Amino acid sequence: CSSDLNISVMPEGAAEFGTRAEIKNLNSFRALVRAIEYEVERQIDLVESGGHVVQETRTWDDAQGMTLSMRSKEEAHDYRYFPEPDLVPVELDDAWIERVKNELPELPAQRQQRLMAENGLPAYDAGLIVATKAMADYFDAACKNAGDDKAVANWLLGDVSAYLNNEGIEIDAFPIKPENLGEMVALIKGGVLSSKLAKKVFAEMLKEDEAPKALVKKLGLEQVSDEGAILKLVEETIAENPQSVADYKAGKERAMGFLVGQIMKQTKGRANPELVNKLLRENMA
């Protein structure tokens with residue numbers, strides 16, 4: 001499609017803009033931007049050198065990167081302006097304008113600012129979420145019971161967006177309800193579910209409409225955070241792997257990864273990794 005634009009400039013401090021020029025044959029946003037930049041500079045140079053801008057139609061030459069004169073339009077009748085007899089005058093009073101302003105929904109820019117101020121999101125993440133009203137509505141709904149708004153945003157911009165792209169669908173058709181995504185985030189935050197095991201719960205929720213708590217129980221994915229139970233595994237692992245313990249004490253951090261892996265293997269990934277690390281370091285000090 002092709003777009004047109006009208007450009008006029010005025011000296012600093014002037015009350016009115018100068019004569020306009022109409023630019024045609026703009027076939028892309030890039031051409032639009034380049035034409036604006038060129039024409040503004042052309043008119044400024046013309047005015048500052050003592051000349052005057054002619055009311056005319058100009059064309060954009062993309063190859064040369066400049067506007068060229070097509071035909072002059074000195075009077076309004078050249079544009080075929082005429083009153084529309086069937087349109088009555090419309091007068092809007094301040095009270096009506098204020099009422100309409102108050103009835104407007106939260107606009108994207110306002111919503112982005114709110115997500116930054118109230119939900120603690122960076123500008124980039126907030127901008128992506130408010131790109132569509134449906135995504136922003138989903139985010140707000142999921143945050144109600146999540147307890148971690150930034151984590152909700154991370155899931156939306158990560159795993160959820162990846163699924164939407166792969167399936168070629170919008171968030172309106174996403175099979176996981178926002179309250180269920182929020183509940184899953186709450187389980188992670190509460191230590192019931194590890195981030196790694198949450199991926200399994202997420203995959204299951206994509207298949208069936210079931211709440212995360214029920215799925216965690218059904219699949220036996222509750223994170224083990226009982227310090228006594230984990231301490232026992234830590235002590236056994238330390239006793240069974242003296243060389244790795246010696247390597248760790250010698251400054252080889254990779255040995256810690258091996259020991260943590262042994263415990264995670266025994267618990268099928270359900271042990272709280274932060275607690276495992278903490279107890280291992282304490283008991284090898």
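Which hand does the crossing of helix 5 and helix 6 have? That crossing is right-handed, where right-handed means the near helix is turned clockwise from the far one by less than a right angle, and left-handed means anticlockwise. What you're looking at is a predicted model, in which local features need pLDDT of at least 70 and side-chain atom pairs count only at pLDDT 80 or more, while totals for chains, interfaces and linings use all residues. Residues are numbered from 1 along each chain as its sequence is written, and side-chain values use heavy atoms, with hydrogens and water left out.

**The chain overall**
- Along the principal axes, the C-alpha trace spans about 95 × 50 × 35 Å.
- Of the 285 residues, 34% are buried (buried is under 20% relative accessible area, exposed is over 50%, partly exposed is in between, with a 1.4 Å probe and protein chains only).
- Take the contacts between residues at least 6 apart in sequence: 54% of them join residues at least 24 apart (contact means heavy atoms within 4.5 Å).

**Helix 5 with helix 6**
- Two packed helices are described by the angle between their axes and the distance between the axes.
- Helix 5 (residues 133-143) packs on helix 6 (residues 149-167) at about 135°, with the axes 10 Å apart; axes are lines fitted to C-alpha atoms over the stretch in contact, and angles run from 0 to 180 degrees between N-to-C directions.
- That makes the pair oblique (under 35 degrees is roughly parallel, over 145 roughly antiparallel, 65 to 115 roughly perpendicular, and the rest oblique).
- On the helix 5 side, the contact uses M135, Y138, F139, A142 and C143, and helix 6 brings D149, V152, A153, L156, S161 and L164.
- Sorted by type, these residues are nine nonpolar, one polar and one charged (Ala, Val, Leu, Ile, Met, Phe, Trp, Tyr, Cys and Pro count as nonpolar, Asp, Glu, Lys and Arg as charged, and the others, Gly among them, as polar).

**Helix 7 with helix 8**
- Helix 7 (residues 178-189) and helix 8 (residues 195-207) pack at about 160°, their axes 10 Å apart.
- The two are therefore roughly antiparallel, and their crossing is right-handed.
- N180, L181, M184 and I188 of helix 7 make the contact with S195, A198, V201, F202 and M205 of helix 8.
- That contact has seven nonpolar residues, two polar and no charged.

**Helix 12 with helix 13**
- Helix 12 (residues 254-266) and helix 13 (residues 273-283) sit at about 125°, with 10 Å between their axes, so helix 12 is oblique to helix 13.
- This crossing is right-handed.
- M256, L259, V260, I263 and M264 in helix 12 meet V276, N277, L280 and R281 in helix 13.

**Two residues to look up**
- T237 belongs to helix 10 (residues 227-240) and is buried, at 0% relative accessible area.
- Leaving out residues up to four places away in sequence, T237 touches L259, Q262, I263 and Q266.
- N25 lies in strand 2 (residues 21-26) and is partly exposed, at 39% relative accessibility.
- N25 isn't a glycine, yet it has a positive phi of about 65°.
- Most residues other than glycine have a negative phi.

Methods: Helices (H or I, at least four residues) and strands (E, at least two) are DSSP runs, numbered from the N terminus.
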